[in-house]
Amino acid sequence: MSDKPINDTRKAELLSTEVEHIDITSFDARPIIDSMKKMSFTSRDLANATGIYNQMLSDKDCTIFLVIAGSTSAGGCMDLYAELIRNNMVDCVVATGATIVDMDFFEGLGHKHYQALEVPDDDTLRSLYIDRIYDTYIDEEQLQDCDFTINKIANDLPPGPYSSRAFIREMGKYLVDHGKKENSLVKLAYEHDVPIFCPAFVDSSAGFGLVKHQVDQMEKGEPYLMIDAVADFRELTDIKMKSGDSGLLMVGGGVPKNFIQDTVVCAEILGHEDVSVHKYAVQITVADVRDGACSSSTLQEAASWGKVSTAIEQMVFAEAGSVMPLLASDAYHRGHWKTRDKRRWAKLFDKDA
């Protein structure tokens, strides 16, 4: 941090309006989705995607994977994702480290995201220790508290390799004892035995805290904790092999999307040729297909790799923060989750605890 004093008055002005996360239980989106079914373009795509998600929820044999990339948690969807956990509407989460650490765990510690009602030049923001995500602000000093909390959790654990799932479970346990927000995805996932995987876990505030942990331990000549990315892949593939039918609800793409899709191929490599491709798939994204990527392939393209079925899939090309509240509210109010069995996939790894 710079030795130059921070203008606390100006900083307080910019961090004066908190982002309020949407509550999908407070409104019923079913009439809107039903009307969109009769429309065209993205509206009809969203209605189709919502119908597929409801199919996942009503399929008694289907394990549902929530896959999150991007900044929708910071932008107002954080409580939406937590509500899906709370109401047994997803069984496993695969996400970016930013979604889990810099956004959800960050707010679980009592910190906030703020609306940027004005955007001065970013050099000014830097001088005030304010980080910007498009039109959303984060207090860098609070984010560093998140870094040091991750460091503290690592210091208090036995040294050795941990999958991101195992370490995030410890983060959830920490929030149960020390958290300041009930509606945290990390905390609720711990309480409901829903595993969370971050295949690029250290690409987040967790990375800073864990690097400090390792450097401090090395300087003392003592063993340290490390994140085992191979264990992530193995554990997630274990869940896929034991889950039978599965469905993907994907917000964004990139590493989390590719990671969960690859479990089918990994199971085949391990000799389990009876493991089925993901039966259902929905992806909400603004990524383009013309560069050959679409943030890790379209769903149709993924079928050529033996990852997903083309029978029940839907791409929705829209900004997720504007359509996920409609999809999730519709599914919440249709209520298929009320008769679902809880999978509690985190218990699969209790022997490793």
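Reader: Which residue lies over the face of Tyr-129?
Author: Arg-126 lies over that face, at 4.8 Å from the ring centre; a charge counts as sitting over a ring if NZ of Lys or CZ of Arg is within 6 Å of the ring centre and within 35 degrees of the ring normal. This is a predicted model, in which local features need pLDDT of at least 70 and side-chain atom pairs count only at pLDDT 80 or more, while totals for chains, interfaces and linings use all residues. Residues are numbered from 1 along each chain as its sequence is written, and side-chain values use heavy atoms, with hydrogens and water left out.

Reader: OK, and how many aromatic pairs are there?
Author: The count comes to four, where rings of Phe, Tyr and Trp (its six-membered ring) pair if their centres lie within 6.5 Å, planes under 30 degrees apart being stacked, over 60 edge-to-face and the rest tilted. One of them is the tilted pair of Phe-105 and Tyr-174, with 6.5 Å centre to centre and 50° between the planes.

Reader: Where in the chain do Phe-105 and Tyr-174 sit?
Author: Phe-105 belongs to helix H5 (residues 97-108) and Tyr-174 to helix H8 (residues 164-178), so the pair links distant parts of the chain, 69 residues apart, with helices (H or I, at least four residues) and strands (E, at least two) taken as DSSP runs numbered from the N terminus.

Reader: Are those two buried or exposed?
Author: Phe-105 and Tyr-174 are both buried, that is, under 20% relative accessible area, whereas exposed means over 50% and partly exposed lies in between (1.4 Å probe, protein chains only).

Reader: Switching to strands, what does E5 pair with?
Author: Strand E4 (residues 130-133) pairs with E5 in the antiparallel sense over four bridges, and E3 (residues 114-115) is also antiparallel to E5, joined by two bridges; strands pair if DSSP finds at least two bridges between them. Thr-136 of E5 is the bridge partner of Gln-115 and also of Ile-133.

Reader: Which residues cover the two faces of E5?
Author: Thr-136 and Ile-138 are on one side of E5 (residues 136-139), Tyr-137 and Asp-139 are on the other, and all of them are buried.

Reader: And which residues touch the most others in the largest nonpolar core?
Author: Of its 71 residues, these are Tyr-53, Leu-84, Ile-100, Phe-167 and Met-171, a core being a set of buried Ala, Val, Leu, Ile, Met, Phe, Trp, Tyr and Cys residues joined through side-chain atoms within 4.5 Å. Helix H14 (residues 320-334) gives the most to this core, with eight residues.
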